[in-house]
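This report describes the fold and selected local features of one protein chain. Please consult the sequence and the structure shown below while reading.

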Amino acid sequence: MSKSASAWVSPEQMAALHPTSAQMLYRFTDSSTRAQLSAGPARATTGLPKESLTGARTYLTLKHAFSALADSYLPFMTLFGILGLLVSTLIVGNVVSGAVVSGNRHIGVLKALGFTPNQVVAVYLTMLPVPAVVGCVLGTLAGNALAGPILKVAFVGIDVGSRTLLTRPPSSSGSPRSCGPA
């Protein structure tokens, strides 16, 4: 993601190339906190001269750099989600009021049969949840079935570019550091 490594070679190939410097990428097993991430390079470079490590950075630096743009979209996505819920509520209210108006004759028949106003409301409240529950179940199943493939198409293969981050020598402060080719 950082495009800081342009080639991968085996140790034998490395010796044949006679490089003046090399970039080493490490994955540490203890990496759940910043302190553990800062302690990793210290353990890996124990016994090496101080000038052998020219820079280091954790995955958190890249994670922050690449998620900054997506984080700016989050309030807008939330707003559109809330607007969608409000519009769907208005549509459901309109459909229910339309069902009551168009069922005026049905309501009259129920009253003629001796239904009280509360019983008529109970009949309508019983008729409405059936299609709502069916719609919720079908919508949830369709959403779960389609979300994976749609997101895969949306995010796989996109060149997210690269980020240029300054290289600073590691410190004992525990903050993430950038890493350039050593």
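The model discussed here is predicted. His18 is exposed, because its relative accessible area of 65% lies over the 50% cut-off for that class. His18 belongs to the loop that connects helix 1 (11–17) with helix 2 (34–44).

Most residues other than glycine have a negative phi.

## Overall architecture

The chain contains six helices and zero strands. Along the sequence this gives the pattern α-α-α-α-α-α.

Of the 182 residues in the chain, 11% are buried. The chain exposes about 14100 Å², and carbon and sulfur atoms supply 69% of that area. Among contacts with a separation of 6 or more, 59% are between residues 24 or more positions apart.

Helix 3 covers residues 59–102. How far apart are the end C-alpha atoms of helix 3, and what span should its 44 residues have? At 1.5 Å a residue, the helix should span 64 Å, and its end C-alpha atoms are 61 Å apart; the two values therefore agree. The expected span is 1.5 Å times one less than the number of residues.

Which residues make the nonpolar surface patch of about 1100 Å²? The patch is made by Leu69, Tyr73, Leu74, Phe76, Met77, Leu79, Phe80, Ile82, Leu83 and Leu86. One of these residues, Phe76, has its place in helix 3.

Val95 is also located in helix 3. With a relative accessible area of 54%, Val95 is exposed, since exposed residues are those over 50%. Val95 and Leu128 are separated by 33 residues in sequence, and their C-alpha atoms are 10.0 Å apart in space.

Terms used
Residues numbered from 1 in each chain as written. Predicted model: local features only at pLDDT ≥ 70, side-chain atom pairs only at ≥ 80, totals over all residues. Heavy atoms only, no water. Patch = residues over 30% accessible without salt bridge, like charges linked within 9 Å, V, L, I, M, F, W, Y side chains within 5 Å. Areas by Shrake-Rupley, 256 points an atom, 1.4 Å probe, with all protein chains shown as cover. Salt bridge = Lys/Arg side-chain N within 4 Å of Asp/Glu carboxyl O. Helix = DSSP H or I, 4+ residues; strand = E, 2+ residues; numbered from the N terminus. Buried < 20%, exposed > 50% of the residue type's maximum accessible area, 1.4 Å probe, protein only. Contact = heavy atoms within 4.5 Å.
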